[in-house]
Amino acid sequence: MEMTSRIEMDEDNDNRGSMWDLDQKLDQPMDEEAGRLRNMYKEKKSSALLLLRLAFQSLGVVYGDLGTSPLYVFYNTFPGKIEDPEDVVGALSLIIYSLTLIPLLKYVFVVCKANDNGQGGTFALYSLLCRHAKIKTIPNQHRTDEELTTYSRSTFHEQSFAAKTKRWLERHVSRKNALLILVLVGTCMVIGDGILTPAISVLSAAGGIKVDHPGMSNGIGIYNIWKYDSSVLKAFSPVYIYRYFRRGGKDGWTSLGGIMLSITGTEALFADLSHFPVAAVQLAFTVVVFPCLLLAYSGQAAYLMSNRDHVVDAFYRSIPDSIYWPVFIIATAAAIVASQATITATFSIIKQALALGCFPRVKVVHTSKKFLGQIYVPDINWILMILCIAVTAGFKNQNQIGNAYGTAVVIVMLVTTLLMTLIMILVWRCHWILVLLFTGLSLVVECTYFSAVLFKVDQGGWVPLVIAAAFLLIMYVWHYGTLKRYEFEMHSKVSMAWILGLGPSLGLVRVPGIGLVYTELASGVPHIFSHFITNLPAIHSVVVFVCVKYLPVYTVPEEERFLVKRIGPKNFHMFRCVARYGYKDLHKKDDEFEKKLFDSLFLFVRLESMMEGCSDSDEYSLYGQQTERSREGLLNNNGNGNTITSYADTTISSVDSIVPVKSPMQGSMTVRSSEHVSSQTETDELEFLNSCRDSGVVHILGNTVVRARRESRFYKKIAIDYVYAFLRKICREHSVIFNVPHESLLNVG
């Protein structure tokens, strides 16, 4: 009995123990799940706090221009006296719906989503289009460029509307040029905006000095609505827009040029998008900026309903005596911030144009190590300053500056609408009804404003047109000259048969060292090399043709930057290295360009040696193959036991087109595999490359003189022989851009 009970008790204890273990096992995953949920909650909380902080920071940079518009909108809408109080309600109604349709619905919720990985502006839209259709005018792209991680390109169904649109754009060069000119026009108008914004913003803010102390105790915003005339809130009804135009006639229509100023800054908002994430911009506008703007305009309208003679300086006259000077200081500071926002947008869009070959080479200073988008362009800053002072001194009043400002803004918006139409078709692949709805609504509003500003071309509106025309001439001539120079290089490049006919010595004495020959060609041997061989008695033991090219992407990752190929058989020791950059990337003095180039070259030699046994043919037919492999284990040493510091992955392509070629000097010659061409092993070649590198590296730059043909038309001669030649003379040299040491530089004419 005792034994039986003892056994039963032991069994009960075992059952309790097993139940306890089971509970612990069940509790363990629950605890892990709870911990995971807590971590997720903390991450979401921290990301939400970061988003709120960025949204707050974006108020000054992105919305500075929009926020200062109340300083001058009503004055430019009613330059004289307000005849009828109902006109104020009608103007307010126009302002409300303009702010709703253009900045809120179009830009914040639609256009901002068309950013190129956080980059905004007309050239960012153009870059997106270039990746989805072959519309880039300079044909320096290679199929390997489309395999970059930042090069997002999709395929189309043959019968889709997007595919038909793509073929229509690619069919004729004139359509590609027309699209480029459209982008350049938008860019030039943004530059004009950067000139006019400081003039009108700071002058309007400083205009408070002229205002006598009001002697009245007003409130601002909500208080003005409550105290003076709450009936202005009926402006939320669009009926008053119709009544405004019916009562005002042509004068009411032309006053849209002043209403237009209420939405200025939206183009700077999009161009400055690189500084902040889209979600932060959307949050700041919908929660803070949009309601505050509506209240500010409604408060001024309420004040003007009772004080129609104060339209010239309604903003300052509606400020109480007790806070007048603090508000004046804040308004002036805000105007300066607004000016900085448009100037920063100008810098960003100039950098994009520079990278895509549409602007002369100017100095670009990287002002932040953390954020790549923060740049400063000294030359452009001086030009903006001089033109801004000239505009401020030349105009008689702020009304004329306002007319000029409105003209620049509405043209940029029209350009953005047309580019967004193509984005929605080719990139987003929206249904044609959505495309038609967006395009139709945008064009109705913007063409209405455009027709109004046309009436004021002779009252100051001509200024941005002249400024834009000057910059358009510079940008298009530079692009045209660059394109023609590239076409000449392509047509006159040296054939591989000629190179092979010279033999491994290239018909010269091969001296120790490495020659880096800079060229704009991404394939083939440049014509300047034949000039070099013809006029000099010796050449370096290793020759590397270096091509630095920009792609229509915002950035190229460092590990995918260099594309290395071999030119000719191994014993020729000739290579090509293509360094690829995006329009956001910069050449910095501390980026060790030369070291990274040689790291990629050494890796190519090692990978090429591994690939030789993989070919089914005896011929040297590695052309066109690509490999992306981990560099771990490959970069143990470079022949001398030195460790090569490089990146995880790279794109490496093999030799150029050297599969069987005919040599004029040797009849038929087949380039065989490495066992027939050279007896050097991988280690031998790496040692040879290292010894040449230790002997010295020389950077060889070719100076090509571009001249128009004698039979060319006179305007082409002027454009090429004078304008383009002058721009090349004053722009930065390639050696400065590539940070080439002066003692290692050799210029070949």
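## Basis of the model

Helices (H or I, at least four residues) and strands (E, at least two) are DSSP runs, numbered from the N terminus. The model is predicted, with local features requiring pLDDT of at least 70 and side-chain atom pairs counted only at pLDDT 80 or more, while totals for chains, interfaces and linings use all residues. Residues are numbered from 1 along each chain as its sequence is written, and side-chain values use heavy atoms, with hydrogens and water left out.

## Overall content and confidence

The protein chain has 25 helices and 12 strands. Of its 749 residues, 53% count as buried, where buried means under 20% relative accessible area, exposed over 50%, and partly exposed in between (1.4 Å probe, protein chains only). When contacts (heavy atoms within 4.5 Å) are taken between residues at least 6 apart in sequence, 83% of them join residues at least 24 apart.

The average pLDDT of the protein chain, pLDDT being the predictor's confidence in each residue from 0 to 100, is 77, and 78% of the residues score at least 70.

## Thr100 in helix α4

Thr100 belongs to helix α4, which spans residues 85-108, and its relative accessibility of 21% places it in the partly exposed class. Not counting residues up to four places away in sequence, Thr100 touches Leu105 and Phe290. Its C-alpha atom is separated by 9.8 Å from that of Leu294, a residue 194 places away along the chain.

## Helix packing around α14

Helix α14 (residues 324-355) packs with helix α5 (residues 122-132) at an angle of about 35 degrees, the two axes being 8 Å apart; such axes are lines fitted to C-alpha atoms, for helices over the stretch in contact, and angles run from 0 to 180 degrees between N-to-C directions. On the α5 side the contact is made by Thr122, Phe123 and Ala124, and on the α14 side by Ile349, Gln352 and Ala353. By class, this contact has 4 nonpolar, 2 polar and no charged residues, given that Ala, Val, Leu, Ile, Met, Phe, Trp, Tyr, Cys and Pro count as nonpolar, Asp, Glu, Lys and Arg as charged, and the others, Gly among them, as polar.

Helix α14 also packs with helix α15 (residues 378-394), at an angle of about 135 degrees and with the axes 10 Å apart. The two helices are therefore oblique to each other, in a scheme where angles under 35 degrees count as roughly parallel, over 145 as roughly antiparallel, 65 to 115 as roughly perpendicular and the rest as oblique. In this pair Ile343, Thr346, Phe347 and Ile350 of α14 meet Ile380, Asn381 and Leu384 of α15, and the contact has 5 nonpolar, 2 polar and no charged residues.

## The α18 and α24 pair

The axes of helix α18 (residues 462-491) and helix α24 (residues 714-730) come within 9 Å and cross at roughly 95 degrees, so α18 and α24 are roughly perpendicular to each other. From α18 the contact draws on Ile474, Val477, Trp478, Tyr480, Gly481, Thr482 and Arg485, and from α24 on Lys716, Ala719, Ile720, Val723, Tyr724, Leu727 and Arg728. Sorted by class, the residues in this contact are 9 nonpolar, 2 polar and 3 charged.

Cys577 lies in strand β6 and is buried, with a relative accessible area of 2%. Leaving aside neighbours within four places in sequence, Cys577 is in contact with Val544, Phe545, Val546, Cys547, Phe562, Leu563, Val564 and Leu597. One of these, Leu563, is 14 residues from Cys577 in sequence and 5.6 Å away in space, C-alpha to C-alpha.

In the loop between β5 (562-567) and β6 (574-581) is His573, a residue with a positive phi of about 55 degrees although it is not a glycine. His573 is buried, at a relative accessible area of 8%.

## Arg429 between α16 and α17

Arg429, in the loop between α16 (398-427) and α17 (432-454), likewise has a positive phi, near 55 degrees, in a residue other than glycine. With 39% relative accessibility, Arg429 counts as partly exposed.
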